[in-house]
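Reader: I have a structure open and want to go through a few points. Can you start with how the elements are named?

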Amino acid sequence: MDNTINFLLGCLGGLLPDLLRIIRNRYEVNLPAYFKNFNFWLGFVLLVLVGGVTAWILKPEQVKDAIIYGYASPAILSQLAASASPTP
């Protein structure tokens, strides 16, 4: 597959963790406070780009592999960051 396609599919995979979280909370009346936070959107964009770059670097042969690479790398990074952040 083309590198551009790999990158875009990886970005799609990078979107999935947050997209699934949004879908899970779709019946909530109020939007979560983090949607109004610049840091959330910055992290969101960076994790999507990490998914795209990972798929671009690993050069998967199939579409599902590119999406899986894009999904896995930001999910792992965000979980590591969440576990490393200090608790009050």
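Author: Helices are DSSP runs of H or I with at least four residues, numbered from the N terminus. The model is predicted.

Reader: Where does Asn 6 sit, then?

Author: Asn 6 is in helix α1.

Reader: Buried or exposed, that Asn 6?

Author: Buried, because its relative accessibility is 0% and the cut-off for buried is under 20%.

Reader: What is Asn 6 in contact with, leaving aside neighbours within four places in sequence?

Author: Asn 6 is in contact with Met 1, Gly 52, Ala 55, Trp 56, Lys 59, Pro 60 and Ala 66.

Reader: Which other residues of α1 are buried?

Author: Besides Asn 6, the buried residues of α1 are Leu 9, Gly 10, Cys 11, Gly 13, Gly 14 and Asp 18. The buried residues of α1 pack against α2 (38-58) and α3 (63-84).

Reader: What about the length of α1?

Author: Helix α1 covers residues 3-24, and its 22 residues should span 32 Å at 1.5 Å a residue. The end C-alpha atoms are 32 Å apart, so the two values agree.

Reader: Where is the kink in α1?

Author: At Leu 16, shortly before Pro 17, and the angle is about 35°.

Reader: New topic. Which residues make the nonpolar surface patch?

Author: Val 53, Trp 56, Ile 57, Leu 58, Ile 68 and Tyr 69 make a patch of about 550 Å². The elements giving two or more residues to the patch are α2 and α3, and α2 has the largest share, with four residues.

Reader: And how exposed is Trp 56?

Author: Trp 56, in helix α2, is partly exposed, with a relative accessible area of 40%.

Technical notes:
Residues are numbered from 1 along each chain as its sequence is written. This is a predicted model: local features need pLDDT of at least 70, side-chain atom pairs count only at pLDDT 80 or more; totals for chains, interfaces and linings use all residues. Side-chain values use heavy atoms; hydrogens and water are left out. The expected span of a helix is 1.5 Å times one less than its number of residues. The bend at a residue is the angle between axes fitted to the seven residues ending there and the seven starting there. Buried means under 20% relative accessible area, exposed over 50%, partly exposed in between (1.4 Å probe, protein chains only). Contact means heavy atoms within 4.5 Å. Patches are made of residues with over 30% relative accessible area and no salt bridge: like charges are joined within 9 Å, nonpolar side chains (Val, Leu, Ile, Met, Phe, Trp, Tyr) within 5 Å. Accessible areas come from the Shrake-Rupley method with a 1.4 Å probe; for residues, only the protein chains shown count as cover. A salt bridge is a side-chain nitrogen of Lys or Arg within 4 Å of a carboxyl oxygen of Asp or Glu.
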